[in-house]
Amino acid sequence: MKTDVSFIISIDSSFEMLNNFFEHLLQDEFALNSEIIVILDAITNCNIITYIKNLSKQPPNIKVYISDKKLGYGKANNYAVKQAQNNILYFINTDVFAEKECFSKMLDALMLENVACVQPLLIWPQNNRIQCAGSTFGPFYKKHLFAGRLLNTIDLSNYPQERQALTSALYAMRKADFYNYGMFDEFYYNKLESFELSLKLSLGGKRCLCVHDAIAFHSQGTGRNQYFFDFYQQEAYFWVKMGKDFKPDIYKHYKRQITSKMLNNTYYVVSICQIRTVKNIIEQLGITYLDIYEINGISPNKINLYELLPYSLHQLDIPLLFFVENILDLGKNKHWFETRNHNSSDLVIDTYGNLVNVLKI
């Protein structure tokens, strides 16, 4: 049965990634019954061009457009949307592999009251950890919610699905909303244009959802990595344009994970990150702490607690609370945690909204 969906696929990747993506996509019945709009964004790889042109001759309803000039993600997708015949748009990167029924579950969610944009729960295929459960805002930063989290350490079935913003690695919206809210801002070349559009929807009173039982695997960073873009300028443009319009929401994600036992403990805080508001965050959460031990200037992938902390902290007879950029930063310290007497109460908080026992990272 034909859908009212148009898939929008802007191509800027290797042939191998593209080949894996389409061979996977075209086994999905939902995709086969939808319109598929492909735009080659200044692609010169002959293997890619030949492969896509051959696909367009097959039964699936694939339309191919070629741009000789590099447009960037926003402009390329805006052009592709203008060619779409259907009323619902699915934007998807070529490094995303959706599980069976993912697309249909997204569509069901999009039909809910006042819902304007939906994304699935994105998982890293390399380690089966969460890559993105929507977006969260902290004080002066934004992140992929729950990135790095093991699925069995959080019950998302009882967790609200609404978010302020989503990622268009894979997301769906109505074409009418896409136009009414300004399309993708073509100042951006790659990254923030789709994020900003979903944020505009939520600021406009519409609902953006991360559909937790719709699963897709995201081999992050390989779908659009053939060109270099100045993200510093794009980030600055985004914060000047949108920074005053939303409020940090990361606190509510932390608070949903805090238990009464955690609030009854007194912690010694070890901060190993670049965030300058750790004290404020911990105090807003109502967590009691003895002191904060700050370690600055350490690369996240070089956190070795045997090298950074004295033996006295390992033996401290009160729980430790680590604050890091991402919980994965502590991943190489398993023995240090396992040999601590208070490891059942030791916690780690990160800037992606994770709050979890250190033994579950």
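## A buried salt bridge

Arg340 counts as buried, at 1% relative accessibility (buried means under 20% relative accessible area, exposed over 50%, partly exposed in between, with a 1.4 Å probe and protein chains only). Its side chain meets that of Asp346 in a salt bridge, 2.5 Å from N to O. A salt bridge here is a side-chain nitrogen of Lys or Arg within 4 Å of a carboxyl oxygen of Asp or Glu. Asp346 is buried too, at 0% relative accessibility.

This is a predicted model: local features need pLDDT of at least 70, side-chain atom pairs count only at pLDDT 80 or more, and totals for chains, interfaces and linings use all residues. Residues are numbered from 1 along each chain as its sequence is written, and side-chain values use heavy atoms, without hydrogens and water.

## Other salt bridges

The count comes to 11 salt bridges. Glu162 and Arg207 form one of them, at 3.2 Å from N to O. This pair links distant parts of the chain: Glu162 sits in strand β10 and Arg207 in strand β12, 45 residues apart. Helices (H or I, at least four residues) and strands (E, at least two) are DSSP runs, numbered from the N terminus. Glu162 is partly exposed, at 38%. Arg207 is partly exposed, at 26%.

Lys206 forms a salt bridge with Asp177, with the closest N and O atoms 3.8 Å apart. Lys206 lies in the loop between α7 and β12 and Asp177 in helix α6, so the pair ties together parts 29 residues apart in sequence. Lys206 is partly exposed, at 24%, whereas Asp177 is buried, at 8%.

## The five-stranded sheet

An open sheet of five strands runs in the order β14-β13-β15-β16-β17, with mixed pairing. Its edge strands are β14 (288–294) and β17 (355–357), each pairing on one side only. Two strands pair if DSSP finds at least two bridges between them. Strands β16 (residues 347–350) and β17 pair in the antiparallel sense over three bridges. Val348 stands opposite Val356 in β17.

## A hairpin

Strands β8 and β9 form a hairpin with two residues between them. Four bridges join the two strands, which run antiparallel. Thr136 has Lys143 in β9 as its bridge partner. In the turn, Phe140 has a positive phi of about 70°.

## The nonpolar cores

The largest nonpolar core has 44 residues. Such a core is a set of buried Ala, Val, Leu, Ile, Met, Phe, Trp, Tyr and Cys residues joined through side-chain atoms within 4.5 Å. Helix α5 (residues 102–110) gives the largest share, six residues. A second, separate core of 22 residues includes Leu89 and Met173.
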